[in-house]
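User: I'm new to this structure and would like to learn how to read it piece by piece. Could you walk me through it?

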Amino acid sequence: MSSIPEPQLSSLYQELILEHYKRPRNRGELEGGTVEVHMRNPSCGDEIRLQLRVEGDAIMDLRFVGEGCAISQASVSMMTTVVKGGRLDDAMGLAKRFTEMMRGDPEAARDRSLKDLRAFQGVSKFPVRVKCALLGFDALQEAVKRARGTEGSPAVPGATP
Amino acid sequence: MDAPPPVKTSAQTRPRSLSSKLDVERLRRDFPALAQMVNGRPLAYLDNAATSQKPLRVLDALRNYYEHDNANVHRGLHELSRRATDAYEGARARVATWIGASSPAEVIWTRGTTESINLVAASWGSANLKEGDEILVSDMEHHSNLVPWQLIAARTGAKLRFLELDDEGRLILDALPEILDGGRVRIAALSHVSNALGTINPIAEISKLLHEAGVLFLVDGAQGAAHHGVNVRELGVDFYACSGHKMCGPTGIGVLWGRRELLEGMPPYQGGGEMIDRVERDYSTWAALPHKFEAGTPNIAGTVGLHAAVDYLDEIGADAILAHEQALVAYALDRLREVPRVRLFGPSDPGERAGVVSFTVPEAHPHDVSTILDSEGIAIRAGHHCAQLVMRRFGVPATARASFYFYNTRDEVDRLVQGLETVRSVFGD
Ligand SMILES: Cc1ncc(COP(=O)(O)O)c(C=O)c1O
């Protein structure tokens with residue numbers, strides 16, 4: 001037989017992931033946001049809207065609303081807990097590291113800066129689900145780029161890639 | 001003129017018995033792909049609305065063609081080209097008989113349903129539609145029977161009108177007389193069977209109403225021909241589009257059937273070799289039907305494979321196939337109703353639907369349902385099924401969809417329902 005289903009499945013649906021899916025953190029509308037990004041995965045329809053309040057180079061607060069599978073929604077939720085209160089550079093670094101882990105880089109998977117997000121390591125073994133896990137981080141990277149581009153100017157919500 | 005009588009949405013065109021007389025175990029042996037293990041379990045292939053598996057008969061026909069007869073068609077005077085041309089035109093004649101066309105000239109080879117519909121929308125549409133005209137579609141349509149019409153509407157100034165769906169996913173045909181009374185609808189494009197809901201539409205009756213109003217009727221038969229058997233003259237339609245790959249044939253081959261006088265009046269869709277008669281510097285004249293619409297080297301092997309598929313399906317019999325699917329759907333609906341808080345989409349009467357069951361469970365998103373079922377060797381589809389208007393109508397982003405063919409079994413339905421237990425054990429509180 002080629003493989004045993006059960007361990008595979010549990011490496012995908014880790015407790016921590018299910019927990020974030022059922023009880024998402026930082027979900028809802030953000031008052032006084034300075035950047036907003038809407039990301040959609042056209043092939044499966046998963047989507048999120050991510051709002052950030054950036055002051056200087058710090059992410060003071062962020063929230064999201066979204067709809068989609070457990071992997072996409074849990075990864076956004078967990079991502080918000082890790083980047084909240086941190087710097088734009090660190091958020092970009094985290095997104096890069098997370099993406100490397102999803103592409104199967106074992107070193108990235110050992111990187112402690114990813115914190116709880118390492119729970120998503122198992123997703124890298126399900127190639128069709130990798131893009132679900134990356135949705136929130138793609139939105140984060142876009143939001144940081146825009147925050148840098150619009151520094152000092154008022155929020156420009158709505159525009160979506 | 002009297003108003004046409006209201007149409008019963010549950011109308012059926014053929015008697016249905018909810019039991020199967022097929023020797024499924026024997027048929028399954030014709031499909032090598034079905035006899036494999038996936039993730040440690042025997043494959044339960046329940047994604048037939050996406051594409052069907054292929055019987056040995058079709059695989060052998062493809063191999064035999066490439067090993068012995070491969071050449072270009074209508075171009076060489078040598079033996080192999082003659083054989084390839086005979087195979088290509090022989091397949092056309094076979095399909096023409098199978099769908100009840102008056103002549104093989106009415107059967108145009110395409111890449112599939114999508115290309116067939118694009119051909120009609122672009123060719124017929126550009127020659128006939130103008131500002132103020134209306135194209136009638138429905139909220140049930142696959143994107144391939146919607147977007148081509150949006151494109152031609154944008155180019156010609158015509159507008160799209162929509163038939164809506166009732167809560168069981170059936171077309172609300174009571175609205176049709178009033179839409180037609182407006183006198184602006186030129187063509188209607190509706191699916192024979194919904195790929196997202198399984199609803200079988202009463203094509204023959206709709207056709208009557210449309211024709212009384214002088215409206216042409218294109219039917220998207222991607223899910224029709226494969227499961228239902230088709231006679232285009234009995235249905236009384238003007239164009240019928242279908243795909244070989246959903247009916248045991250290869251990918252990349254499909255059919256557009258059209259009434260001869262309509263096809264003759266339509267301009268070519270693409271230009272190139274094969275579709276011309278005489279070529280001058282500034283202009284050309286077109287080949288006769290069907291070649292006017294077949295520019296370039298066609299998918300010759302595809303037609304050979306489709307020929308074998310049609311022979312195979314014909315031996316099983318369209319009525320037996322539909323009866324088997326409906327028996328399975330009836331069983332699946334009963335079993336799924338046992339699943340706590342499951343939501344089922346589409347008609348509740350299995351007699352009104354083909355072998356498609358769309359559902360959601362509250363614990364998990366359809367993609368997660370699909371991943372978990374896949375880990376048990378069960379292949380279903382999850383998503384919007386290229387029918388975003390259907391998803392919007394029912395207020396869901398996606399559904400899980402099991403779709404059956406004549407080789408599926410009750411045992412596979414049982415495994416699907418058991419798989420949903422695993423979903424609950426992973427996602428339940
Ligand atoms: C109802 C319906 N229409 C059209 C299509 C498009 O068929 P194809 O992709 O073979 O062109 C499909 C298949 O996905 C379908 O189910």
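Analyst: Let's begin with a term we'll need: two residues are in contact when heavy atoms of theirs lie within 4.5 Å. Keep in mind that this is a predicted model.

User: Good. How do I read two helices that pack together, and which residues of H13(B) meet H15(B)?

Analyst: The general idea is that two packed helices are described by the angle between their axes and the distance between the axes. Here, helix H13 covers residues 366-374 of chain B and helix H15 covers residues 410-427 of chain B; their axes come within 9 Å and cross at roughly 115°. That's why H13(B) and H15(B) are described as roughly perpendicular to each other. The crossing of H13(B) past H15(B) is right-handed. From H13(B), the residues involved are Asp368(B), Val369(B), Ile372(B) and Leu373(B), and they meet Leu416(B), Gly419(B), Leu420(B), Thr422(B), Val423(B), Val426(B) and Phe427(B) in H15(B). Sorted by kind, the residues of this contact are 8 nonpolar, 2 polar and 1 charged.

User: Asp368(B) is in that list. Is Asp368(B) buried or exposed?

Analyst: Buried means under 20% relative accessible area. Asp368(B) has a relative accessible area of 0%, so it counts as buried. This residue sits in helix H13 of chain B.

User: And which residues is Asp368(B) in contact with, leaving aside its neighbours within four places in sequence?

Analyst: With those neighbours left aside, Asp368(B) is in contact with Phe427(B) and, over in chain A, with Tyr13(A), Cys69(A), Ala70(A), Ile71(A) and Arg129(A).

User: Let's turn to sheets. What is the strand order in the open sheet of 7 strands in chain B?

Analyst: A sheet is read by walking across it from strand to strand. In this one the order is E4-E10-E9-E8-E7-E5-E6 (chain B), and the pairing is mixed. At the edges are strand E4 (107-110) and strand E6 (159-163) of chain B, each of which pairs on one side only. From one strand to the next, the twist averages 20°. Starting from the E4 side, E4(B) and E10(B) are joined by 4 bridges in the antiparallel sense, and Ile108(B) stands opposite Leu256(B) in E10(B). A helix packs on this sheet too: H5 (residues 147-156) of chain B touches strand E5 (134-138), E6, strand E7 (185-191) and E8 of chain B, and its direction makes about 160° with that of E5(B).

User: Which strands does E9(B) pair with in that sheet?

Analyst: Look at each side in turn. Strand E8 (residues 216-220) of chain B runs parallel to E9(B), with 3 bridges between them; there, Asp220(B) stands opposite Ala241(B) in E9(B). Strand E10 (residues 254-258) of chain B runs antiparallel to E9(B), with 5 bridges, and Cys242(B) stands opposite Val255(B) in E10(B).

User: How many residues of E9(B) are buried?

Analyst: E9 spans residues 239-243 of chain B, and 5 of its 5 residues are buried. On one side these are Phe239(B), Ala241(B) and Ser243(B), and on the other Tyr240(B) and Cys242(B), so to speak a strand with both faces covered.

User: What about chain A: what is the order of its open sheet of 3 strands?

Analyst: The order is E1-E2-E3 (chain A), and the pairing is antiparallel. Strand E1 (35-40) and strand E3 (58-67) of chain A have a single partner strand each, so one side of each is left without a neighbour in the sheet. On average, neighbouring strands are turned by 15° against each other, direction ignored. Strand E2 (residues 47-55) of chain A pairs with E3(A) over 9 bridges in the antiparallel sense, with Gln51(A) opposite Arg63(A). Helix H3 (residues 70-83) of chain A packs on the sheet and touches E2 and E3 of chain A, its direction making about 170° with that of E3(A).

Notes
Residues are numbered from 1 along each chain as its sequence is written. Chains are lettered from A and ligands numbered from 1 in the order in which they are written. This is a predicted model: local features need pLDDT of at least 70, side-chain atom pairs count only at pLDDT 80 or more; totals for chains, interfaces and linings use all residues. Side-chain values use heavy atoms; hydrogens and water are left out. Buried means under 20% relative accessible area, exposed over 50%, partly exposed in between (1.4 Å probe, protein chains only). Two strands pair if DSSP finds at least two bridges between them. Axes are lines fitted to C-alpha atoms, for helices over the stretch in contact, and angles run from 0 to 180 degrees between N-to-C directions. Angles under 35 degrees count as roughly parallel, over 145 as roughly antiparallel, 65 to 115 as roughly perpendicular and the rest as oblique. A crossing is left-handed if the near helix is turned anticlockwise from the far one by less than a right angle, and right-handed if clockwise. Ala, Val, Leu, Ile, Met, Phe, Trp, Tyr, Cys and Pro count as nonpolar, Asp, Glu, Lys and Arg as charged, and the others, Gly among them, as polar.
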